[in-house]
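Here is a short tour of a structure, written to be read with the model open beside you. Take a look first, and then we can go through a few spots together.

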Amino acid sequence: MKAQWPSNWREISAISIVGILIHILYLGCVFIALNHDIPAGVVTLIAALQPIFTAALSFSFLKEKVIISQWIGIIIGICGVALVIQDSIYLSADILGYIVAFMATLFLTLGVLFEKKFCKNYHLIAALTIQYITASLILLIITPIIEDMTIIWKTEFILSIAWLTFMCSIASYILLFYLTRIGTAAKVSSLVYLTPPFAMIMSYFLFGDIMGLSGIIGTIIVIIGVILVNYEYRLKRQNLYGCHGG
């Protein structure tokens, strides 16, 4: 792709920090929380707090203003998420798992804000490559310490790793950082709310899981919240390009 690489170690360090925050700390804390028997629904709901964290920090970190209608959309969105996944939520005695899940959300927020502030001028593919290399080298050191390095090569394992690698770790972050670079962090983070409804829709087609009435209502509420958060951005684009009749 003939991408231009960062020219000095300071630039590489900034990109590497994003890789550590997102590919190691965020994803690592998510899997640790699941390993502590925190339900996936609860982890999803905690992750849905990320747009609120992003909106709260974006002004001080990026000088991006979040207007009242966007705050309303953010609150509506999290209410919709709670409705969608209410059946999978139950309390757990494992407080550590909840703490780690909240830490995961915080690390993702910091990673998105850091990338937006310090790395937006670097070629996206080159920056992601440096992030992956950094994360891989660190995990190569950490993994033998916390794991026995035994792999059971099954079809399910291979397919799962392939999906996590190419779709979740590569394609999703290319889209995330691309959208963050062309829009505000708060608007892009609001799209996190769409994850639970889409997961339930995919579960219906893949596994025959039926979405209940609360799930359907929650999905509609989530969409309304996302529209409110992104409404101002669409108005600005219409004013910029004009809307000439005919």
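Predicted model: local features only at pLDDT ≥ 70, side-chain atom pairs only at ≥ 80, totals over all residues.

I227 has a relative accessible area of 40%. That value falls between the 20% and 50% cut-offs, so I227 is partly exposed.

I227 and S69 are separated by 158 residues in sequence, yet their C-alpha atoms are 10.0 Å apart in space.

## Rings and a charge

Searching the whole structure turns up 3 aromatic pairs. In the pair formed by W153 and F157, the ring centres are 5.5 Å apart and the planes stand at 85°, so the arrangement is edge-to-face. W153 is exposed, because its relative accessibility is 63%, while F157, at 31%, is partly exposed.

There is a charge over a ring to look at as well: K117 lies over the face of F118, 5.7 Å from the ring centre.

## Where two helices meet

Now turn to helix α1 (residues 9-35) and helix α5 (residues 95-118), whose axes come within 8 Å of each other. How do the two run relative to one another? Their axes cross at roughly 160°, which is over the 145 degree cut-off, and α1 and α5 are therefore roughly antiparallel.

The crossing of α1 and α5 is left-handed. The residues in this contact comprise 21 nonpolar, 2 polar and 1 charged.

How values were computed
Residues numbered from 1 in each chain as written. Heavy atoms only, no water. Buried < 20%, exposed > 50% of the residue type's maximum accessible area, 1.4 Å probe, protein only. Phe/Tyr/Trp six-rings, centres within 6.5 Å; stacked < 30°, edge-to-face > 60°. Lys NZ or Arg CZ within 6 Å of the ring centre and 35° of its normal. Axes fitted to C-alpha atoms, helices over the stretch in contact; angles between N-to-C directions. Helix = DSSP H or I, 4+ residues; strand = E, 2+ residues; numbered from the N terminus. Parallel < 35°, antiparallel > 145°, perpendicular 65-115°, else oblique. Left-handed = near helix turned anticlockwise from the far one by under 90°. Nonpolar A, V, L, I, M, F, W, Y, C, P; charged D, E, K, R; others polar.
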